[in-house]
Amino acid sequence: MALQVTKKCLVYSTLGAILAAAVIATVLVLVLRDDEEIMKNYAIDNSGLVIQLQEQPDHRYVLALLRDGIPIQRITFDHDFTDDSEVESIPRGLQLIGSGQTITIKEVETSPNFSLISITRTLRKGQIISDVVHFNPGGERELQWYGGPEQMEQHYPVQKLRFEDYAYVPKELHSAAIVERYWLNSAGVFVYVEKEVPLFIDQDEETLRLTAKKEIPYYSYDEAFEFNYRIGVAKDAREGHLKAVEKVLNKPVGIPDERMVRHPIWSTWVRYRRPISQQTILDFASEINGYGFKNAQLDIDDYWENCYGSLIFNPITFPNITELTEQLKEMGFRVTLWIHPFINKNCQPWYTEALSKGFLVKSHNETIGYNTKWWNSGENEASYINFNNPGAREWFRQRLQELRDEGIDSFKFDAGETSWAPEDPDVEGQKALLPTSMTTNFVRMCAEFGPMIEIRTGFTTQDLPVFVRMLDLDTRWGMNNGLQSLIPTLLQMNLNGYPFVLPDMIGGNVYGDDILTKELFIRWLQANTFMPSMQFSKTPWDIDIESVEISKRYVNLHEDYSDYILQRMRLAVAEGIPVNPPIWWLDPEDEIAQTIGDEYLLGEDILVAPVLTEFATTRNVYLPKGTWRDGNTNQVYEGGRWLYSYAAPMDTLPYFVKTSFQMRR
């Protein structure tokens, strides 16, 4: 390679090995100086990806990724580096040095179709540093973004969300139970922030600001901390996500319980609330059988304990649990039990035992101590079990095993987000992982009880072969935690690497003044049909007889496709492919498909477009690439087009199956 040195230009290059018919690996650092800016280019290989590091007039640096000359990502290091900053060449990368920072930008992997770049730095206690991800880096096409946090008002694509100084940990606020530090754009670029970073985010219509600072809720007593993340670049969003699963998110190691896929789960929660009794459970089971519905299991929800945290049945309302479980199994039911990670202070002697053994989370703040509050306690009237403590995990596990010995088949685990513990927790484990390790350790303990469990939160736990439930949805139509948030949440979870999604109760939770109408119930049921599992609490016969017949039709349709759902689950284990991808999965370059959040796929062969608007009897349906057969009329359509005003009266779910699809059993 011959390079000419010109005025105000210093050129440094190294040439890697050149093999016949192989990619030429070339590292090139180019420094141009003029009165206003400094530009540094680092060319990774000849696949068309270039990294530019550019100093702005205000002494901030911008890292730009260009593919074939088109910007696909831009990140601003939002810090005044002053005139004394330096950029140095290192093997396979650059270092930006100045103003108390050393930022290392390094290519850690490259191939013709994928590159992985790391951004690393070590900060001192007291420093607050931000990097700004620009949603649209300046190319001709507007980019769409996916991943990000689970939210009560779930938007899709996720650049529509708004945040201000938002601590990025699993928490109950806004239903943020899944907050993997992963964002993916429609150009195939992903950003993944390492789990040790004390991350806060701000987001508006143009940018996502990633801020690292040692403040609560993170452990704030270290003298130094890391601000590290990785940027992956693939040819499109589909390949980008598959690479992210491979490199940073992980694949599940197995699939959940098959019966939970094939048949509905029945829960006492919405229908009975609390208290419940042994007779309540038997009556419910008799009704389910009497109306001719199958079951995966019957979940005994709140309130079955003699006090919250005892993990012992109330002997008055449940006089003989072994007899109950035997009767239910004779009726064809498996039995699961709602479990929470709290102990109320009036739950004795279990609270005193846990306290004396150091099994409860304590705050560094002595005024807070062991105090917390949850939805079944008053202020400072409960404590949170310390699942970072191996002894506490074993104590909890043994008491659950005693329930298994009484005939309980499995458990529905509630809560687990970091915010239920006292603020500024003083617990075991790697300090840089607090408080998220409390969620991780809780969920991993839960998963030890096998594939029949359900959880509702997670952090770096995509490998677990269990269902992850959406947080409680309200009984309403809109985006604010209602029916219209169901599909965006399904897509958000799949695109964070959690493909085994358990939707919440069909019809929502009927809280407060919410009213479950027949129309809302049926539309909710339809929307669930091609998701991995169906869960009832408010029952079809609570509505009317027609609702029973419509419900049976869609429960049976779900069962008809359950073998395919299980196939896609196994493919998620083998290859990391989402069970319910967004519709752009079939054509990542389709700019219309990239924006659609009210349709979803089952695998790559079934497209589902539920009616999600009150009183609507038609909807517009977008069909992506492929040849599609209407599941209701058998009419065949070529994809890449809209079907306007598709007729969908209340008993009709619009869905389409690829003509090439053949059901395998």
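## Basis of the description

Contact here means heavy atoms within 4.5 Å, while axes are lines fitted to C-alpha atoms, for helices over the stretch in contact, with angles running from 0 to 180 degrees between N-to-C directions. Helices (H or I, at least four residues) and strands (E, at least two) are DSSP runs numbered from the N terminus.

This is a predicted model, in which local features need pLDDT of at least 70 and side-chain atom pairs count only at pLDDT 80 or more, whereas totals for chains, interfaces and linings use all residues. Residues are numbered from 1 along each chain as its sequence is written, and side-chain values use heavy atoms, with hydrogens and water left out.

## The sheet

Eight strands form an open sheet in the order S7-S8-S9-S10-S20-S16-S15-S13, with antiparallel pairing (two strands pair if DSSP finds at least two bridges between them). Its edges are strand S7 (86-90) and strand S13 (145-147), each pairing on one side only, and the twist averages 20° from one strand to the next. Strand S10 (residues 114-120) is joined to S20 by six bridges in the antiparallel sense, and Ile 117 stands opposite Ile 231 in S20.

## Helix H1 against the sheet

Helix H1 lies across strand S9 (101-111), S10, S15, S16 and S20, and runs at about 160° to S15.

Just after H1, Asn 250 takes a positive phi of about 80°.
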